[in-house]
Amino acid sequence: MVSACAELARRISGFDAEQCRLAGLAQAAASAQGRPLLYRDFAPRRASGEPHRVLVLGGIHGDEFSAVVVAFQWIERLKNDRFQPYQWRVLPCVNPDGLMAQPARRMNANGVDLNRNFPAPDWEARALKFWSARTGHDPRRYPGPKAASEPETRWVLEQIRSFRPDAIVSVHAPLNVLDFDGPYNPPVKLGYLRLQPLGSYPGSLGDYGGDFLKLPVITLELPTARHTPSADQSARILDDLIDWIDTALRKPG
Ligand SMILES: [Zn+2]
């Protein structure tokens, strides 16, 4: 853990190993190259009935540093928020091998775009075909030899099974929009990000979680991969997200 935090701090300028240590992450599994896959849980501070459950993923693409930092900013905020109402599980760095590669890269250590590796039922029929026909075999978008072939993908799937989220948030960069898949009316804005549906790709989390599992999947595309939002901007996104969940996912009774 200490070395995982030191590695992250060496790689992401302006990110502090101490901030990582204070996040109190637990290790659940290991990446393809044996790096720890880390998470942090938060219980609701004001519980009324059955709390909503929210799964947050940062850095599924290894070259999107700002996504990792925003997940840590949210961890810090959730730790200190005396009123937050939900059950959270935050996975701040889903693709540590891609992040630590020289140079950092989108894919994991096996060259797989993890956000094309989720086992949507039509993966076999569509993912590799889409990759060759629509991306011209772009190595940055390789969906893998088969669905859920990668340890990082399987770890996220295990979190979805065990944590049973009501909503999934995945943080990316640099398209500067808010994307949405699945049921419910999408949020029109979260902080400075505005809704602009991007459509889902075969094997993406939006495709798997939104279209197949019928869970709302909120994709945050931060404006740049290297420049992190301020703590204030990041907090506003989180506050708007909590408000949206409160309204959109209201449980009966
Ligand atoms: Zn991305």
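What spacing do the donors of the zinc ion follow along the chain? The spacing is H-x2-E-x107-H, where donors are N, O and S atoms within 2.8 Å of the metal (3.2 Å for Na, K and Ca), and water is not among the atoms, so sites may look incomplete. The structure is a predicted model, in which local features need pLDDT of at least 70 and side-chain atom pairs count only at pLDDT 80 or more, whereas totals for chains, interfaces and linings use all residues. Residues are numbered from 1 along each chain as its sequence is written, and side-chain values use heavy atoms, with hydrogens and water left out.

The zinc ion is held at 2.1 to 2.4 Å by the protein donors His61 (ND1), Glu64 (OE), Glu64 (OE) and His172 (ND1). Because the four donor atoms subtend angles of 57 to 148° around the zinc ion, the arrangement is irregular; four donors count as tetrahedral if all angles lie between 85 and 135 degrees, four count as square planar and six as octahedral if opposite donors are over 155 degrees apart and all others between 65 and 115, and anything else is irregular. His61, in the loop between strand E3 (53-58) and helix H3 (65-80), and His172, in strand E5 (residues 167-172), are 111 residues apart and link distant parts of the chain; helices (H or I, at least four residues) and strands (E, at least two) are DSSP runs, numbered from the N terminus. Both His61 and His172 are buried, a term that means under 20% relative accessible area, with exposed over 50% and partly exposed in between (1.4 Å probe, protein chains only).

Strands E1 (residues 26-30) and E2 (residues 36-42) pair in the antiparallel sense over four bridges, two strands being paired if DSSP finds at least two bridges between them. Within this pairing Gln27 stands opposite Leu38 in E2, and in the hairpin of E1 and E2, with five residues between the strands, Gly34 takes a positive phi near 85°. E2 is also joined by three bridges to the antiparallel strand E4 (residues 87-91), where Arg89 is the bridge partner of Asp41.

The rings of Phe15 and Phe72 have their centres 4.9 Å apart and their planes at 45°, so the pair is tilted. Phe15 is buried at 5% relative accessibility, and Phe72 is likewise buried, with a relative accessible area of 2%. The rings of Phe180 and Trp244, with centres 5.6 Å apart and planes at 75°, form an edge-to-face pair. Since Phe180 lies in strand E6 (residues 177-181) and Trp244 in helix H8 (residues 231-248), this pair ties together parts that are 64 residues apart in sequence. Ring pairs also link Phe118, Tyr208 and Phe212 into a cluster.

How values were computed: Phe/Tyr/Trp six-rings, centres within 6.5 Å; stacked < 30°, edge-to-face > 60°.
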